[in-house]
Amino acid sequence: MDISKAIDEFINYCIFEKGLSNNSKASYEYDLKTYKEFLASIGITTVENIKTIDIEAYLRYRNDIKEMTSTIAHNLTVIKNFHSYLLKANYLDKDVSEGISRPKLRKSLPKALSVEDVDKLLDINLKTNFDYRNKAMLELMYGSGLRVSELISLDVHSIDFTNCIIRITGKGSKDRIVPVGEYSMYYLNKYLEIRPSMLKKEHTDALFLNNHGKRMTRVGFFKNLKTILRNQDLDEDIHPHTLRHSFATHLLEKGADLRSIQELLGHSDIATTRIYTHISDNKVKSDYETYHPREHKDV
């Protein structure tokens, strides 16, 4: 059975039998597309030809390109669910992913950009419609601390321009309301002025459009971010989630309450938000060692 066809059937099964949310659907599709492309690169195009060693090779590849272990672990979970479905649906007589262990998660602090680097990233030269779109997306992502999945799933009616708020459906289909700052609102309005010219024949309520006039995808956003990082002479290893981490870290450093940050990020557990206190503590220590006049003694 062709891998692409098997993925389509699996996604449909997850939607209609498991009630998969739109955000999770996009995540599953992205993970399995990446998996399929890797398999194709080693000459495998049917599910019958996938072996355990091929999945292990894929995981090593993800590790070699410096993916976070949490991302690899999530990717493997999706792959395991996919192969479990193939066995359950009688497409295969064996689950080749069954014996593969999930990678141990490295306990590392999320990376945050300096305010100066954020300013540099957002200093986009606005010439084309896509420049205005990218500017609006990045301003909103950093200004409101959105996840990529939340950003690309926004519709035009998600934004309340009168009250300067945005309605978000986050993980677990949980809704929250997030304020939108002046910079974000200004560039959203600028983008919406040119958005009609980006639409093709097919109408869509999607807020952010790609060059085909359809909803922006995770892959498309990631590619655009890489191009912007290169153009702005910034580290191309910066991940889209880095802007969300920077949003939380900069709020904390300016004195924002941890509970408020938890609400803004949509964390169900305050322990998840508390990791940012460690980042702030590290910066305090670094600033002390750098700037305090009696930190360094000449000997």
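Helix 3 and helix 4 cross in a right-handed sense, a crossing being right-handed if the near helix is turned clockwise from the far one by less than a right angle, and left-handed if anticlockwise. The model is predicted, so that local features need pLDDT of at least 70 and side-chain atom pairs count only at pLDDT 80 or more, whereas totals for chains, interfaces and linings use all residues. Residues are numbered from 1 along each chain as its sequence is written, and side-chain values use heavy atoms, with hydrogens and water left out.

Helix 3 (residues 52-64) packs against helix 4 (residues 69-88) at an angle of about 160°, their axes lying 11 Å apart; helices are DSSP runs of H or I with at least four residues, and strands are runs of E with at least two, numbered from the N terminus. Axes are lines fitted to C-alpha atoms, for helices over the stretch in contact, and angles run from 0 to 180 degrees between N-to-C directions. The two helices are therefore roughly antiparallel to each other, a term for angles over 145 degrees. In this contact (heavy atoms within 4.5 Å), Ile 55, Tyr 58, Leu 59, Arg 62 and Asn 63 of helix 3 meet Ile 72, Asn 75, Leu 76, Ile 79 and His 83 of helix 4. By class, 6 nonpolar, 3 polar and 1 charged residues take part, with Ala, Val, Leu, Ile, Met, Phe, Trp, Tyr, Cys and Pro counted as nonpolar, Asp, Glu, Lys and Arg as charged, and the others, Gly among them, as polar.

Note on methods
Angles under 35 degrees count as roughly parallel, over 145 as roughly antiparallel, 65 to 115 as roughly perpendicular and the rest as oblique.
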